[in-house]
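Q: I would like to learn how to read the main features of a structure such as this one, going from helices to the sheet and then to side chains. Could you take them in turn, giving the general idea before the case at hand?

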Amino acid sequence: MRRWMGMPVAAALLLTACVTINVYFPAAEAKEAAKEFVEKVIGDEAQQAQPEKPKGGGMALRFDPLMLLGIGPAYAQGAPDITIKTPAIQAIQSRMESRFDASLRAGFDSGALGFTRDGLVVVRDAAKLQLKDRVAVNQAVADDNRDRKAVYREVAVANGHAEWESQIRGVFAKQWIESARSGWWYQDGSGGWKQK
């Protein structure tokens, strides 16, 4: 009987010891940061093609029953923010912008290139490239994909959450497609190709 008497105390100690700090992923802020990054890379033509969406939105409030016990998720102080203004990220962005204008834009315009569902670029239809341009375009695609992977990692690290890399990549993947100009190709969620 004595053994069972100490259980409420042990349960209370265990409950207070198991407080988890949830650092939520700020999806809306990540989307805004991705939009700013992507539209700078693609350029003004893409910005003009996209209608302006109203800003705001706010964060949804959720009720957590543990809050009644004084136990709740701990959130970072202040408004969430995703920074893309580090020297490393800006250097990658500059390279991608130059490469896009010099090599990739024509491939997207012709239908040779497409955005993958995982945030990369592929040669979708090599027949749409002139034979003399294929090696250079393939090299530009490889360089761009290396920079894309680096920027997804760098944004997560720059914001103090390396574990967010896959979520950052997912947000950017959607943004590349949303910012694409009419006529450009992209992969849908099942991997099929669609033209915007």
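**Reading the features in turn**

Q: Which residues of H7 are buried?

A: An α-helix has 3.6 residues a turn, so residues three or four places apart point the same way. In H7 the buried residues are Ile168, Val171, Phe172, Ala173, Gln175, Trp176, Ile177 and Ser179, where buried means under 20% relative accessible area, exposed over 50%, and partly exposed in between, with a 1.4 Å probe and protein chains only. Helix H7 covers residues 165-179, and its 15 residues reach 21 Å from the first C-alpha to the last, close to the 21 Å expected at 1.5 Å a residue; the expected span is 1.5 Å times one less than the number of residues.

Q: What should I know about the model and its numbering before going on?

A: This is a predicted model, in which local features need pLDDT of at least 70 and side-chain atom pairs count only at pLDDT 80 or more, while totals for chains, interfaces and linings use all residues. Residues are numbered from 1 along each chain as its sequence is written, and side-chain values use heavy atoms, with hydrogens and water left out.

Q: How many helices and strands are in the chain, and what pattern does the chain follow along the sequence?

A: The chain has 7 helices and 4 strands, these being DSSP runs numbered from the N terminus (helices are H or I of at least four residues, strands are E of at least two). Along the sequence the pattern reads α-α-α-α-α-β-β-α-α-β-β. Of the 196 residues in the chain, 34% are buried, and among the contacts with a separation of 6 or more, 66% are accounted for by residues 24 or more positions apart, a contact meaning heavy atoms within 4.5 Å.

Q: In what order do the strands form the sheet?

A: Strands of a sheet pair through backbone hydrogen bonds, either parallel or antiparallel. Here 4 strands form an open sheet in the order E2-E1-E3-E4, with mixed pairing; two strands pair if DSSP finds at least two bridges between them. Strand E2 (121-123) and strand E4 (193-195) stand at the edges with a single partner strand each, so one side of each is left without a neighbour in the sheet. Strand E1 (residues 113-115) is joined to E2 by 3 bridges, and the two run antiparallel, with Leu113 standing opposite Val123 in E2.

Q: How many aromatic pairs does a search of the whole structure find, and what are the planes of Phe25 and Trp164 doing?

A: A pair of aromatic rings is described by the distance of the centres and the angle of the planes. The search finds 9 aromatic pairs, counting rings of Phe, Tyr and Trp (its six-membered ring) whose centres lie within 6.5 Å, with planes under 30 degrees apart taken as stacked, over 60 as edge-to-face and the rest as tilted. The rings of Phe25 and Trp164 have centres 5.2 Å apart and planes at 85°, so this pair is edge-to-face. Phe25 lies in the loop between helix H2 (7-17) and helix H3 (27-42), whereas Trp164 lies in the loop between helix H6 (134-158) and H7, 139 residues apart; both Phe25 and Trp164 are buried.
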